[in-house]
Amino acid sequence: MKKSVFFGALAATTLVAGMASAATIDDVKARGELLCGSSTGLTGFGAPDASGNWTGFDVDLCRAVAAAVLGDATKVKFVPLTGETRFTALQSGEVDLLSRNSTWTMSRDSELALDFVAVNYYDGQGFMVKKDLGVSSAKELDGATVCIQTGTTTELNLADFFKQNNITYQPVNVADDNEAQSQYVAGACDAYTTDASGLAASRATLPDAENHIILPEIISKEPLGPVVRHGDSNWGDIVRWTYYALLIAEEKGITQANVEEVLASTTDEEVKRLLGASGDMGVKIGLDNAAFKNAILAVGNYGEIFARNIGEGTSINLARGLNALWTQGGLQYAPPFR
Amino acid sequence: MTMINAAPRDDFRLSMLIYDTRYRAITIQLFVLALVLAAIWWLGSNLQANLEAKGRPLSFEFLWSRAGYDIGQTFIPYTSDSTHFRAMLVGLLNTLVLALFGCLFATIIGVIVGVLRLSKNWLVALLTSIYVEIFRNIPLLLWILVIFVPLYEMTPAPNAFKVTDEMIASGTEPAASMILGGTVAVTNRGTYIPGFLFDRGFEAGWMTTLAIFLVIAGSLAVHLTLNARARRVQEATGVRPTTWWKSLIVLFAPLVLVLWALGFHLDIPQPPTRFNFEGGVVVQNPFVAMLIALSLYTGAFIAEIVRAGIQSVSRGQTEAAFALGLRPNRTMNLVILPQALRVIIPPLISQFLNLTKNTSLGIAASYADLRGTLGGVTLNQTGREVEAMLLMMLIYLSISLIISSLMNVYNRSVQLKER
């Protein structure tokens with residue numbers, strides 16, 4: 001028995017030691033590729049296009065991080081994760097970063113040992129129903145059958161909303177978005193509930209979008225954002241500041257097209273620091289000084305990402321609303337870059 | 001090689017642990033045992049060390065906190081205010097009910113198809129062979145989807161049954177109508193069937209059920225006594241007294257009386273005024289789809305087991321029975337089936353276990369089984385993957401062991417009695 005204890009102890013210590021030493025950034029650099037947890041296909045936010053390239057609002061954040069860390073926005077491997085598997089995948093190191101409309105809640109931040117590093121989309125949960133149902137408010141849904149994606153905060157909000165309003169419903173817990181959508185379209189449920197942005201994305205893919213309405217009630221706060229593992233603050237800082245760099249770029253009027261131009265002509269010290277022309281902000285968190293410039297070059301600023309993927313004029317057609325910059329009455333606000 | 005068994009006792013050397021056949025077996029066994037224990041210890045300590053490194057030591061406290069989510073199909077009272085433990089029980093019951101009905105239907109299908117596969121009728125034998133081969137050779141998950149999707153895509157929505165005042169005025173019929181004399185509605189959410197209602201029932205619902213149950217049990221007891229008496233008379237006199245009409249009265253008159261006294265009537269589901277049918281009992285589509293898929297899939301395997309069992313009884317047995325003057329159906333019941341059962345039961349147990357474990361595919365059809373509640377929403381909302389997984393493994397293991405021990409008891413009763 002002595003021997004087995006010895007071997008066991010040896011194995012346990014090596015494994016624990018192995019886990020503690022690895023910093024995510026070193027892993028990513030060594031691998032030459034960023035593993036990004038994405039949704040299983042939500043048009044506008046993260047879905048493969050006809051030729052198999054991932055595009056979308058959340059996807060672009062991953063590309064920006066890859067551009068900042070590796071200098072190449074194409075060096076991302078997208079790992080599609082369902083609502084149920086996403087956090088386990090992140091915790092176990094299957095992905096480096098989760099960028100998949102995940103709601104920031106206290107228990108996820110603490111109990112799940114994850115860190116939400118930013119809010120890239122301020123959302124709220126809504127309902128979509130068919131127009132011919134004759135319903136104009138979520139409070140009229142007493143007795144309705146409602147489809148929800150299982151393993152999400154929407155499940156809890158839904159239960160709370162109906163309880164608070166003293167009305168009943170019949171839940172249908174569905175494994176993923178596509179399945180929920182097809183059951184809703186077939187009429188197996190009266191209403192489909194998820195984040196309002198997700199509803200807009202779903203509606204955009206329906207052939208008869210005009211026959212479906214999104215009810216006015218927003219029943220919850222859903223701050224969606226990128227998530228990293230707890231305990232690697234440096235990696236968290238990298239993702240957070242890559243995101244803020246995109247916000248500051250919009251605030252300062254730096255776009256994908258005019259980065260070089262601005263860099264050559266600017267007199268603004270903050271812009272110089274952001275683009276790596278002065279100071280050593282990038283080096284401080286283990287990146288190149290040009291890291292954030294690369295990120296902006298790869299995907300454009302926050303406003304461009306929004307407009308390209310989900311903004312007005314796209315099939316999703318979402319207004320900036322809460323996601324406008326603070327200077328324009330929205331909530332998107334980056335701390336100073338110094 | 002010469003065997004010298006009487007080695008001198010005082011001459012024990014350490015090398016004998018390897019080279020002496022008397023000790024070698026024990027040495028090897030101890031070594032393997034040590035390796036196995038080390039592996040288990042290594043896995044366990046790794047788990048604990050890693051969980052502690054993440055700051056999340058093993059704890060089952062989460063079972064007693066508020067669940068906060070709703071479940072579509074519940075056999076016991078449950079709301080979003082109930083605990084995660086109760087949500088787990090709800091899921092467990094859903095699993096067990098599905099497994100129970102699944103085993104029942106799979107056995108019925110399996111026995112019928114198994115016998116028909118041996119039919120001399122070419123077409124019947126061919127059709128049953130096709131069924132068996134198709135269902136055995138395509139993964140269960142695909143069958144679940146193939147059955148579930150048409151179930152909600154092709155059946156009418158509850159709305160289609162709606163009758164409005166304008167429709168009555170203009171004389172148009174609703175798009176869909178109820179079947180079986182307007183008592184059953186097949187919709188894309190589930191099948192609505194009549195429920196039982198008691199106008200003059202007891203305050204507590206379970207007392208009404210108990211009363212009816214007692215009456216039925218009493219009737220059965222009297223019926224059995226009647227039969228026993230008839231047998232005694234037959235054995236004594238050779239003439240069996242007529243019992244059929246007495247049995248009929250004893251079996252049904254008290255039941256009808258008590259149902260009338262309780263004010264029993266059927267609760268026929270009413271077409272929706274808002275969203276869903278009102279009244280009646282709903283058998284939800286996820287359950288129906290899972291039940292059909294599991295029964296057909298496992299039924300194909302059971303059919304093969306039944307066929308093999310029947311074929312394992314030698315032809316000589318049938319011929320001997322015929323020679324004794326037994327008719328074919330008595331030959332089957334008294335000679336072939338009892339012997340075939342000995343071969344059928346052991347593999348049948350594994351099929352029941354398979355079916356029970358396969359219920360965990362329920363999420364594919366939105367069925368809230370144990371895997372959907374404890375292993376799905378609870379796991380996800382609390383983030384207690386390891387605990388939830390361990391608990392689920394323990395529960396499935398217990399269910400399987402209980403099923404196999406029950407079936408083993410039955411197996412022993414049909415086994416060859418050696419005296």
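Q: Where do the domain bounds come from here?
A: Domain bounds come from an automatic or database domain assignment. This is a predicted model, in which local features need pLDDT of at least 70 and side-chain atom pairs count only at pLDDT 80 or more, while totals for chains, interfaces and linings use all residues. Residues are numbered from 1 along each chain as its sequence is written, and chains are lettered from A and ligands numbered from 1 in the order in which they are written.

Q: Into which domains is chain B divided?
A: Chain B has domain 1 (84–155 + 284–414) and domain 2 (205–263). Their C-alpha centres are 34 Å apart.

Q: And which domains does chain A have?
A: In chain A, domain 1 spans 24–122 + 224–325 and domain 2 spans 125–220. The C-alpha centres of these two domains of chain A are 29 Å apart.

Q: How many residues of domain 1 of chain A are in contact with domain 2 of chain A?
A: Domain 1 of chain A contributes 19 residues, in contact with 16 residues of domain 2 of chain A; contact requires C-beta atoms, placed from the backbone, to lie within 7 Å.

Q: Now the two chains: how many residues does the contact take from each?
A: It takes 37 residues from chain A and 38 residues from chain B.

Q: Which element of chain A gives the largest share of the side that touches chain B?
A: Helix 1 of chain A does, with ten residues. Helices (H or I, at least four residues) are DSSP runs, numbered from the N terminus.

Technical notes:
Helices (H or I, at least four residues) and strands (E, at least two) are DSSP runs, numbered from the N terminus.
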